[in-house]
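I opened this notebook to keep track of what I looked up, one topic at a time. Each entry below was written beside the structure itself.

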Number of protein chains: 2
Amino acid sequence: MDGDKIRNMEEFAAVAGISRPTISKYFHDPDSVKKSTRARIEEALERHDYRPNIFAMNQNRKLTRTIGIVVPYLADPVFGEIARTIEQRCIKAGYRAALFSSHGEQASEIEALESLRSLRPSGVLLAPLGRFSDRDFIAEFCQEFPTVLFDRDIGDVGAAFVGSDNMSFVSQSVEYLTRTGDAPCFFEMKNPSNPNSIARRHGYREAMQARGLEPMFVQVDGEGWEFERSGYEGGLRAIANRELPTHTVLCSNDRLAIGFLAACYESGLRVGRGSGCALRVAGHDDHPHARFTCPSLTTVAHEYDTVSECGVETLFELIEQGGSFDTRREKRFPARLMLRNSA
Amino acid sequence: MDGDKIRNMEEFAAVAGISRPTISKYFHDPDSVKKSTRARIEEALERHDYRPNIFAMNQNRKLTRTIGIVVPYLADPVFGEIARTIEQRCIKAGYRAALFSSHGEQASEIEALESLRSLRPSGVLLAPLGRFSDRDFIAEFCQEFPTVLFDRDIGDVGAAFVGSDNMSFVSQSVEYLTRTGDAPCFFEMKNPSNPNSIARRHGYREAMQARGLEPMFVQVDGEGWEFERSGYEGGLRAIANRELPTHTVLCSNDRLAIGFLAACYESGLRVGRGSGCALRVAGHDDHPHARFTCPSLTTVAHEYDTVSECGVETLFELIEQGGSFDTRREKRFPARLMLRNSA
DNA sequence: CAGAAAAATTATCGCGCGTAAAGAAAATTC
DNA sequence: GAATTTTCTTTACGCGCGATAATTTTTCTG
């Protein structure tokens, strides 16, 4: 804790009485220097608390041991949570993480990848925007750095994809709902930008048809990422205009469902599977708030932990393999029905 | 879009037929070179799409034009939203943003600031953890870089603080609730780590005493950042044990309130200000979900936009002033009551 | 204690870029 | 057209560190 600040490794080497390359080796791997020198370095470290400049380090390093994480919208708590768990897994594995959000915009997604390029990351975990992604740009990026896509697939880009099996998602919820009552209609945005939404729409259609049932869609307006608002306003309208074809509503995702539940509450519709209930509502994703809605939301859970763990591990394997797999790996995890009180 | 990749500025200068220092000047400010050379550079840019390495640029630059943003917990949608707006304001002002989350842990907060140090940011907007922050470390950091604290103040650290006036927050909600019905009890965590929570506790006590009323506290267990869970479980228990001293509950923040509302719903307590209602519930913060709870949550709104705008502008002013103000600036914005249906 | 092995040192280059100074070329002025 | 100003090029160095090779020093082995 000396007053005189150490400006760089050279100065620190001087006060430690050890040559700079040895200091460099120490920070690369403390065990690579002799025990006595390590002690001397660590003693000096306590007196002067110096830390090497991470970006200067990475500039000329073979392996930066930095993992880039890009999510489409960080203000969405689902992605906030995913990013957090991934980041911690990386740190636990001895990597550092650099987090970027695409803010739902193509330009930001490109900007994030350009920034990452400057970091020369050892690997990248990318949840692309989807329909709004610049597919060619991303493909080129994936050529340059070991990249694993997750959450949303944009088809044949990157060395691997890890996510949820939307078919499994929807078939589980449709199976449960049809088994225990009315067949569900599907409540969704008219023009989703998200590949998962589209996959779920297909999944719903197929699951219904497989049971000899006619698919029913309730499509609401709304742009961008204000899903709750879309669900709420679209829900109010659908209820007022009696546009709901059944008493069971399956929402494309939980954020829509949260808005829809608010619309039901406000419209005086009691939601649940009890006898006094007018409507059953279910969602997909197991949003962090899903257990705190009124009533708590029956939904289908991502295996967050599993997906993020598999994503990280796939990436590490990819890095070890030198950046490419023989064939693109695709792993989709089945979902788990979370039975709560709304359906 | 030539096949041969440009690896650095030197190579790009070669293919553009212009010297590297001039290219460097161009990227620093396109208007600083003659129109004809700018045209030549931009033409080459289209053929080869090159972008300078941002971290190498910053390494030896006087002004990096990078703003560091550190929030205590990014998976919290409130901070996600704040971070997003701040980031966009920085970009609009011609700065780039580097975002970090402290994940609710001191070690991560320090790690974030260390990473920022390597970036040599032009300025930093820091929302500290609060009680868990390493105050000395942060103070030292603030000496080194122009730093504006926001959201939470940790007393006399940094050149400025911008946030909400917790007194105004609580006095508004207490005023409204006492005027329109029962005096509220205060629902909060037993050991909040957050300075705002502590300030609100004091604010509540004073607001009640100013009206000649006895403050009433309902304190629930719970650690970390799972506020909804704490509110839910604590709420269930308080309701079951009839520990609520009044029919009006003022929650320290909206996330607690969201959990508490779920507990009310599950306990069969109707919340709202109508005649058939057993309980009134209000919160603080105007969480993004507050308008979609059942019933919609009466709360007190941050002026998100105002706070983030003021924070960013204060920081820019600080940067222009050379990194320090004569006296520490403190700006606390009053809050706005958001009247909804829960109280 | 000598000899071999291990570790640290010196020296020098590289990463991708910023920056400053001096001179050459081009554009502007009168 | 010459004199001036602006702009560009050249050259050289710096940022903070990684990496390598050639030496020197230290440590280990017997």
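I began with F79(B), which is buried at a relative accessible area of 4%, where buried means under 20% relative accessible area, exposed over 50% and partly exposed in between (1.4 Å probe, protein chains only). W225(B) also counts as buried, at 13% relative accessibility. I noted that this is a predicted model, in which local features need pLDDT of at least 70 and side-chain atom pairs count only at pLDDT 80 or more, while totals for chains, interfaces and linings use all residues. Side-chain values use heavy atoms, with hydrogens and water left out, residues are numbered from 1 along each chain as its sequence is written, and chains are lettered from A and ligands numbered from 1 in the order in which they are written.

Next I looked up how the two rings meet. For pairing I used rings of Phe, Tyr and Trp (its six-membered ring) with centres within 6.5 Å, calling planes under 30 degrees apart stacked, over 60 edge-to-face and the rest tilted. The centres of F79(B) and W225(B) are 6.4 Å apart and their planes stand at 70 degrees, so the pair is edge-to-face. This pair links distant parts of the chain, with F79(B) in helix α5 (residues 77–92) of chain B and W225(B) in the loop between β7 (217–220) and α10 (227–240) of chain B, 146 residues apart. Helices (H or I, at least four residues) and strands (E, at least two) are DSSP runs, numbered from the N terminus.

How many aromatic pairs are there over all chains? The count by this rule is 27. One of them is the stacked pair of Y95(A) and F316(A), at 4.8 Å centre to centre with 20 degrees between the planes. Y95(A) lies in the loop between α5 (77–92) and β2 (96–101) of chain A and F316(A) in helix α12 (residues 304–320) of chain A, 221 residues apart. Y95(A) is buried at 12% relative accessibility, and F316(A) is buried with a relative accessible area of 16%.

I then turned to charges over rings, which require NZ of Lys or CZ of Arg within 6 Å of the ring centre and within 35 degrees of the ring normal. In chain A the charged end of R329(A) sits over the ring of F325(A), 3.9 Å from its centre. In chain B the charged end of R65(B) sits over the ring of Y95(B), 4.3 Å from its centre.

Helix α2 (residues 20–28) and helix α3 (residues 35–48) of chain A pack at an angle of about 85 degrees with their axes 11 Å apart; axes are lines fitted to C-alpha atoms, for helices over the stretch in contact, and angles run from 0 to 180 degrees between N-to-C directions. That makes α2(A) roughly perpendicular to α3(A), a term for angles of 65 to 115 degrees, with under 35 roughly parallel, over 145 roughly antiparallel and the rest oblique. In contact, meaning heavy atoms within 4.5 Å, I23(A), Y26(A) and F27(A) of α2(A) meet R38(A), I41(A), E42(A) and L45(A) of α3(A). Y26(A) and F27(A) also belong to one aromatic cluster with F12(A) and Y50(A).

Last, I compared the copies. Chain B can be laid on chain A with an RMSD of 0.1 Å by a turn of 180 degrees and a shift of 0.0 Å along the axis, superposed by least squares on the C-alpha atoms of residues with pLDDT of at least 70 in both. The two copies are thus related as by a two-fold rotation axis.
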